[in-house]
Amino acid sequence: MAVIIDTLAGRQRPRHPEKEGRPETPLLRKPDWLRVRAPGSAGYAATRAIVKEHGLVTVCEEAACPNIGECWTKSHATMMIMGDTCTRACAFCNVATGKPEPLDPTEPVRVAEAVAKMGLKHVVITSVDRDDLADGGAAHFAEVVRAIRRAAPGTTIEILTPDFLRKAGAAEQVIDAKPDVFNHNLETVPRLYLSIRPGARYYHSLRLLERVKERDPAQFTKSGVMVGLGEAKEEVMQVMDDMRSAGVDFITIGQYLQPTRKHAAIDRFVTPDEFRAYEEIARAKGFLMVSASPLTRSSHHAGEDFARLQAARRDRAGAP
């Protein structure tokens, strides 16, 4: 099991203390379509060096993303701000749970400097949940966006935010920082929230995405779900309808992969043909962009997808 070192106590403590008492769930053998190469290219090493030099945390590492080798080879790293410890305990997530450290006021500048040094055309910024903060970290999130604008004015910015549950006025601070893409994942169907995402509320998350469009219609909105957790096809289709009612432009659908045997079990591996069917259905429902495949993740191919998203909006508007 993955552990982190508690230097204050001089002992090891679990990465997911809330899951320690749970029985271990079976690990299903991955099908061939989910196998990826281990990272190790020169580009991967260069990206890793920049991340470490600036003392940054990435969701690529913390969430054990299967696409890290491909993305880091292309200098695409998703920065995770506000620390590496989350106040939530979602059953699917590999990010450590516990009491976070205070916010680091130097982080926005360090993130911006790394973005500029890597020469990124498009960057994705995400974070842990910070329920311990009065604004959920919204002001810090907004400052990171502004710092990137100053250091790398040619870089487009995509954010993947927490839900800011019970944090009045927090979401508006982030929206007003004007990222190019505002992403917040619904993660799963409403029926599974209690077991998979117990600290969140489905309709609050949906309303957050709707508020982005109400406050700034020019911002692209994006959301994603995992499949293979026991949901029915009809439930996924209802989530699509809910997203479209909230004005979501871009949907991502990917296979849930179990980080450890203490996490939620995989119900089944959804086949590539089923993902293609989900993509066709989502396009028919009116999304500007759809990414649906076993290895789809929120920030996978985000730069290329942003260019397609812009083109799709122009086409729909009939612009040259």
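**Close-up 1. Arg88, Asp129, Asp131 and Asp163 are joined up in a network of salt bridges.** A salt bridge here is a side-chain nitrogen of Lys or Arg within 4 Å of a carboxyl oxygen of Asp or Glu. This is a predicted model, in which local features need pLDDT of at least 70, side-chain atom pairs count only at pLDDT 80 or more, and totals for chains, interfaces and linings use all residues. Residues are numbered from 1 along each chain as its sequence is written, and side-chain values use heavy atoms, with hydrogens and water left out.

**Close-up 2. Here's the pairing of Arg88 with Asp163.** The closest N and O atoms of this salt bridge are 2.9 Å apart. Arg88 sits in the loop between strand E4 (85-86) and strand E5 (96-97), and Asp163 in the loop between E7 and H6, so the pair ties together parts that are 75 residues apart in sequence. Helices (H or I, at least four residues) and strands (E, at least two) are DSSP runs, numbered from the N terminus. Are these two buried or exposed? Both Arg88 and Asp163 are buried; that label means under 20% relative accessible area, while exposed is over 50% and partly exposed is in between (1.4 Å probe, protein chains only).

**Close-up 3. Arg211 and Glu172 meet through their side chains in a salt bridge.** The N to O distance is 2.9 Å. Arg211 belongs to helix H8 (residues 202-215) and Glu172 to helix H6, so this is a link between distant parts of the chain, 39 residues apart. Glu172 is partly exposed, at a relative accessible area of 21%.

**Close-up 4. Glu274 and Arg268 make another salt bridge.** Their side chains come to 2.7 Å, N to O. Glu274 is partly exposed with a relative accessible area of 27%, and Arg268 is also partly exposed, at 33%. As a bit of background, side chains of opposite charge can pair when their charged atoms come close. If you go looking through the whole structure, a search turns up 23 salt bridges.

**Close-up 5. Arg166 has a positive phi without being a glycine.** Its phi is about 60 degrees. You'll find Arg166 in the loop between strand E7 (156-160) and helix H6 (170-176). Arg166 is exposed, with a relative accessible area of 67%.

**Close-up 6. Lys178, not a glycine either, has a positive phi of about 60 degrees.** Where does Lys178 sit? Look in the loop between H6 and strand E8 (181-183). Lys178 is partly exposed, and its relative accessible area is 49%.
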